[in-house]
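I opened this entry to keep track of what I looked up on the nonpolar cores and the aromatic rings.

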Amino acid sequence: MNVPVWVNGELLDPAQASVSVFDHGLMVGDGVFETIKIVDGVSFALTRHLDRLTLSAQRMDLPDPDVEAIADGILRVLAVAPKWALGRIRVTYTSGPGPLGSDRGDQGTTAVVIVDEQKPFPASANVTVVPWPRNERGALSGVKSTSYGDNAKALAYAKARGGGEAIFGNLAGNLCEGTGSNIFIVRDGRLLTPTLEAGPLAGVTRALTLEWCGGDEEDVPLSALYEAEEAFLTSTTRDIQPIRLVDDTVLPAYPGPITAKAMEIFADRSSKNLDPR
Ligand SMILES: Cc1ncc(COP(=O)(O)O)c(C=O)c1O
């Protein structure tokens, strides 16, 4: 059975569901999105994700999404989906149908909810540093926008070189983030992650890791990644994933002691509170 999807308030068979070919999300990437983890059929950190959806929409000057309707859509889809041990919810919100250029239309926004099973990530990650910088001063810096062409290209670059994730520096030459993950490194025994001013997305998992496990927000040169004592990725679908290899450099430990402790704390805290505010 195809799991139904939710489109603008309606639960539909995916084969019947449609959005306009004039939708600006499709035409020019004029939209925002969220990926939310499902654990045993229940969403994780939904409040934080819906808050970020609203923030991303505001940063793009889109009307605020109706997060109550979207939350209801998520519940309706989850109620009929298989109870996967691990799954993902994809919420997409766009400016709706519009003209062929960058001007926005006035026919109302589009909101879509899709769920799917999520295969667990490997126990450790090999990452590839890409030659293109994140623009930490760009209008979409830190926005979870549907304009993810940069990320799609970077991930394909990494995969062609055997990597599982691509890592960006920024215009200042500092470490930034992955295509779908934030990054932490251990340097001189300290757990560090790039500041939000460096241009990464304000990851929900990044924030929970800082709150639960400690660590400091501090910018480091991109080269520090190759010299890290330990490093890990954080994301909704990975939680905390140790990094084994950076290009051709094997890190000393994966997971090292600080990463292993963070993984343990994150697993414990996240299992006790499915919607940490
Ligand atoms: C560019 C980018 N950075 C970081 C993350 C991690 O954020 P979160 O922990 O909220 O999933 C994501 C999520 O997919 C992302 O797309």
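This is a predicted model: local features need pLDDT of at least 70, side-chain atom pairs count only at pLDDT 80 or more; totals for chains, interfaces and linings use all residues.

**Rings.** I looked up the aromatic pairs and found that the count comes to four. In one of them, the ring centres of F184 and F232 are 4.8 Å apart and the planes lie at 15°, so I noted this pair as stacked. F184 belongs to strand β10 and F232 to strand β13, 48 residues apart, and the pair thus links distant parts of the chain. Both F184 and F232 are buried.

I then turned to W212 and F266, whose ring centres are 5.2 Å apart with planes at 55°, so the pair is tilted. W212 counts as buried because its relative accessibility is 12%, and F266 counts as buried at 1%.

**Charges over rings.** I saw that the charged end of R134 sits over the ring of F168, 3.9 Å from the ring centre.

**Cores.** Which residues touch the most other members of the largest nonpolar core? Of its 24 residues, I listed V32, I70, I74, I89, V91, V113 and V115. The elements that give this core two or more residues are β3, α2, α3, β5 and β6. Apart from this core I found another, of 18 residues, including A224, A228, A231 and I243.

Returning to V91, I checked its contacts beyond four places in sequence, and among them are V32, F33, L53, I70 and V113.

Methods: Residues are numbered from 1 along each chain as its sequence is written. Side-chain values use heavy atoms; hydrogens and water are left out. A nonpolar core is a set of buried Ala, Val, Leu, Ile, Met, Phe, Trp, Tyr and Cys residues joined through side-chain atoms within 4.5 Å. Buried means under 20% relative accessible area, exposed over 50%, partly exposed in between (1.4 Å probe, protein chains only). Helices (H or I, at least four residues) and strands (E, at least two) are DSSP runs, numbered from the N terminus. Contact means heavy atoms within 4.5 Å. Rings of Phe, Tyr and Trp (its six-membered ring) pair if their centres lie within 6.5 Å; planes under 30 degrees apart count as stacked, over 60 as edge-to-face and the rest as tilted. A charge sits over a ring if NZ of Lys or CZ of Arg is within 6 Å of the ring centre and within 35 degrees of the ring normal.
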